[in-house]
Structures are given as C-alpha cells and as structure tokens.
Amino acid sequence: MNIDLSNRQILITGASSGIGLDIAVQASYAGACTTLVARREDKLQDAIQRMKGEGHTYYVCDLSKPEETTALLEKLKEKPVKFDGMVYAAGQTCIKSIKLMNHDELSHLMNLNCFSFYELSRLFFSRKNCNPNSSIVAISSVAHKALAQGISAYAMSKAAMETAVKALAKELKHGIRANAILPGMITTDLISGIESDVIHEAFSKFKFGKVGDVTPLALYLLSDLSSFMTGSSLIVDGGLTI
Ligand SMILES: NC(=O)c1ccc[n+]([C@@H]2O[C@H](COP(=O)([O-])OP(=O)(O)OC[C@H]3O[C@@H](n4cnc5c(N)ncnc54)[C@H](OP(=O)(O)O)[C@@H]3O)[C@@H](O)[C@H]2O)c1
C-alpha cells in the first residue's frame with residue numbers, strides 16, 4: 001500500500017536535518033508540496049534540492065524566539081495556499097541538572113519544543129489557512145516515559161507537547177486531526193551533539209533507530225489512511241520503554 005500525499009501542502013519544521021529532513025524529502029516523493037522551516041538557510045536550500053516535484057519553499061525562523069514564531073505565523077497565514085498538514089520536528093535536547101538550569105535556558109527549550117508547536121497549530125483552527133481533514137503530527141519523545149538524570153527540562157517540554165496534541169485533538173473541527181510520534185534513540189545530529197560522557201554511556205545500553213524508522217509513521221499520520229486516528233501517541237523506540 002502506497003502513501004499518497006499528492007497535492008497536499010505540508011508545513012515541516014526542523015526540516016534542515018535529521019528526522020524533519022527525512023520526513024520532508026519522503027513527503028515530497030509521496031507527492032506533497034512542502035514548506036520547510038529551520039534556522040540554517042543553506043541546509044534548507046540543500047533540502048529543497050533533494051526533493052521531488054516543484055513549488056517547495058522555506059522560511060528561516062528561530063522557533064525558540066516567540067517574536068520570530070509570531071512573525072512566521074503571520075507570513076504563513078498570508079501565503080496563498082491552504083495547508084493540509086504540519087509536522088513539527090524542530091527541537092533541541094538539554095542534558096542538565098535542575099541546579100545548573102537557568103530560566104533563560106528553560107524558556108528557550110519550552111519555546112522551541114512546545115510553545116511554538118502550539119502557536120503554529122493555530123493555522124489549523126482557521127478555515128482560511130487549512131483544508132478540512134488536515135493532519136498535525138508532533139515529534140515528541142519517549143524522554144518523559146523513560147526518565148534519566150539530567151533530562152527534566154527536555155522531558156517536561158516533550159510531555160507538554162504530547163498533552164497539547166491530545167487536548168488540541170479534542171478542540172479541532174472539520175475532520176482535522178492531531179497525533180504525536182514518540183521516538184526513542186534515533187541516530188541524528190541531536191544525539192551526536194550531546195557532550196555528556198555519562199549520557200553516552202547510558203545510551204550505549206539501548207538500541208538506536210534511524211530516521212527511516214520514524215518517517216513512515218509521519219507519512220501515515222499525514223495521509224487519509226490514518227483518518228480514524230486522532231489524539232494518539234505512537235511510540236517507536238525499539239522496545240526502550242517496555
Ligand atoms: N534523535 C533522537 O533520538 C530523538 C528522540 C526523540 C525525539 N526526538 C525529537 O525529534 C526532533 C528532531 O530531532 P533530530 O533528532 O532530527 O535532531 P536534529 O538533526 O538536530 O534536527 C533538529 C531540527 O530542529 C531544528 N531546530 C533546532 N533548533 C531550532 C530553532 N531554535 N529554531 C528552529 N529550528 C530549530 C534544526 O534546524 P536548524 O539547526 O537549522 O535550526 C533541525 O532541523 C526533535 O524535536 C527531537 O527532540 C529526537
């Protein structure tokens with residue numbers, strides 16, 4: 001069974017690398033026309049080069065800055081297209097004890113991993129900006145289900161995102177759906193960028209997945225094949241949380 005996203009307009013944040021990039025490229029091969037968001041313009045341009053089809057666009061935005069997210073939302077509302085879906089894959093991790101965490105770092109993480117997801121979801125509450133039967137896909141994490149020392153802020157941001165998905169699923173109308181994907185350890189820049197030896201030693205006990213383990217779930221949730229699913233959380237973690 002093929003997943004068909006022909007003529008769907010899909011917004012994808014975090015599309016410059018890792019999970020978001022793979023979803024964006026594969027969505028284009030499934031027929032979608034994508035709007036990409038991240039901070040690194042050169043990587044977004046590279047992503048567009050890898051995509052199939054015409055009409056893909058991008059916006060440079062730092063989603064940890066509320067004023068930039070607000071400006072992005074306004075630009076997206078002015079776009080002469082109606083969206084059919086969003087994948088919010090932008091995010092960063094943070095390995096730090098509460099003793100070392102300051103409020104600015106906490107705000108940065110919550111803005112990026114959670115609040116900007118909520119803000120961009122507003123597009124799907126306006127019939128002017130989205131089509132009926134649109135689909136919101138949030139890339140959360142199993143971090144809040146398999147807790148470890150030093151991940152309180154990250155786990156909190158991802159738990160909040162997952163809860164927002166369920167609450168929004170109740171509020172959405174016109175067949176518009178919202179679901180979350182909770183990956184375990186996936187080999188990406190996010191994992192290789194962690195500088196803690198203690199964490200890498202802890203990670204070594206777990207099986208790592210690849211971005212291609214997450215992408216099919218995202219494409220499925222974007223498509224009509226999942227039209228009976230909303231408010232769900234799909235765990236893809238190689239058994240980490242069993
Ligand atoms: N890898 C894992 O093991 C794993 C597990 C569970 C959940 N996740 C989640 O999956 C999502 C994708 O992560 P990944 O593993 O694919 O890591 P990644 O390769 O580092 O990708 C992160 C993406 O987020 C974007 N981003 C980071 N900070 C941003 C900011 N301030 N404003 C806008 N965009 C920003 C990055 O683009 P720019 O740098 O160009 O801005 C990049 O496109 C994250 O939400 C992460 O929490 C990952």
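What follows is a chat about a predicted model, its strands, its core and the residues around its ligand.

Reader: Hi! Before we dig in, how are residues numbered, and what pLDDT do local features need?

Author: Hello! Numbering starts from 1 along each chain, as its sequence is written. The model is predicted, so to speak of local features pLDDT must be at least 70, side-chain atom pairs count only at pLDDT 80 or more, and totals for chains, interfaces and linings use all residues.

Reader: Thanks. Let's start with β1, then. Is it buried or exposed?

Author: Strand β1 (9-13) is mostly covered, with 5 of its 5 residues buried. Buried here means that 20 or more other C-beta atoms lie within 10 Å of the residue's own, exposed means 12 or fewer, and partly exposed is in between, with C-beta atoms placed from the backbone. Strands and helices are DSSP runs (E, at least two residues, for strands; H or I, at least four, for helices), numbered from the N terminus.

Reader: Which residues point which way from β1?

Author: Gln9, Leu11 and Thr13 point one way, while Ile10 and Ile12 point the other way. In a regular strand, side chains alternate between the two faces of the sheet.

Reader: And which strands pair with β1?

Author: β2 runs parallel to β1, joined to it by 5 bridges, and Gln9 stands opposite Cys33 in β2. β4 also pairs with β1 in the parallel sense, over 4 bridges, and there Ile10 stands opposite Gly85. To count as paired, two strands need at least two bridges found by DSSP.

Reader: Nice. How does the chain cross from β2 to β3?

Author: Strands β2 (residues 33-38) and β3 (residues 57-60) are parallel too, with 4 bridges, and Ala38 stands opposite Val60 in β3. The chain crosses between them through helix α2 (residues 41-50), in a right-handed β-α-β crossover. Right-handed means that, with the strands pointing away from the viewer, the path from the first strand over the helix to the second runs clockwise. β1, α1 and β2 also make a right-handed β-α-β unit.

Reader: What about β4 and β5, how many bridges there?

Author: β4 and β5 pair in the parallel sense over 5 bridges, and Phe83 stands opposite Cys130 in β5. Helix α4 (residues 103-121) carries the chain across from β4 to β5, and that crossover is right-handed as well.

Reader: Why is β4 called largely enclosed?

Author: Strand β4 (residues 83-88) is largely enclosed by the rest of the structure because 6 of its 6 residues are buried.

Reader: Switching to the core: which residues have the most contacts inside it?

Author: In the largest nonpolar core, which has 67 residues, those are Met86, Val87 and Ala218. Such a core is a set of buried Ala, Val, Leu, Ile, Met, Phe, Trp, Tyr and Cys residues joined through C-beta atoms within 7 Å. Leaving out residues up to four places away in sequence, Val87 touches Ile10, Ile12, Gly20, Ile23, Val137, Ile139 and Ala218. Touching, or contact, means that the C-beta atoms, placed from the backbone, lie within 7 Å.

Reader: I'm curious about Ile136. Where does it lie, and what is it in contact with?

Author: Ile136 lies in strand β5 (residues 130-139) and counts as buried because it has 29 C-beta neighbours inside 10 Å. Leaving aside neighbours within four places in sequence, its contacts are Gly85, Met86, Ser121, Phe124, Arg177 and Ala178. Ser121, in helix α4, is also buried, with 21 C-beta neighbours inside 10 Å.

Reader: Which residues other than glycine have a positive phi?

Author: Asn7 and Asn133 are examples, each with a phi of about 65°. Most residues other than glycine have a negative phi. Asn7 sits in the segment before β1 and is exposed, with 10 other C-beta atoms within 10 Å. Asn133 is in strand β5 and counts as partly exposed, with 14 C-beta neighbours inside 10 Å.

Reader: Last one: which residues come nearest to the ligand?

Author: Gly18, Arg39, Gly91, Thr188 and Leu190 come nearest, out of 30 residues around the ligand. Near means a C-beta atom, placed from the backbone, within 6 Å of the molecule. The elements that give two or more residues to this shell are α1 (18-29) and α6 (189-192).

Reader: And by class, what is in the shell?

Author: The shell has 14 nonpolar, 11 polar and 5 charged residues. Nonpolar covers Ala, Val, Leu, Ile, Met, Phe, Trp, Tyr, Cys and Pro, charged covers Asp, Glu, Lys and Arg, and the others, Gly among them, are polar.

Definitions and conventions:
Contact = placed C-beta atoms within 7 Å.
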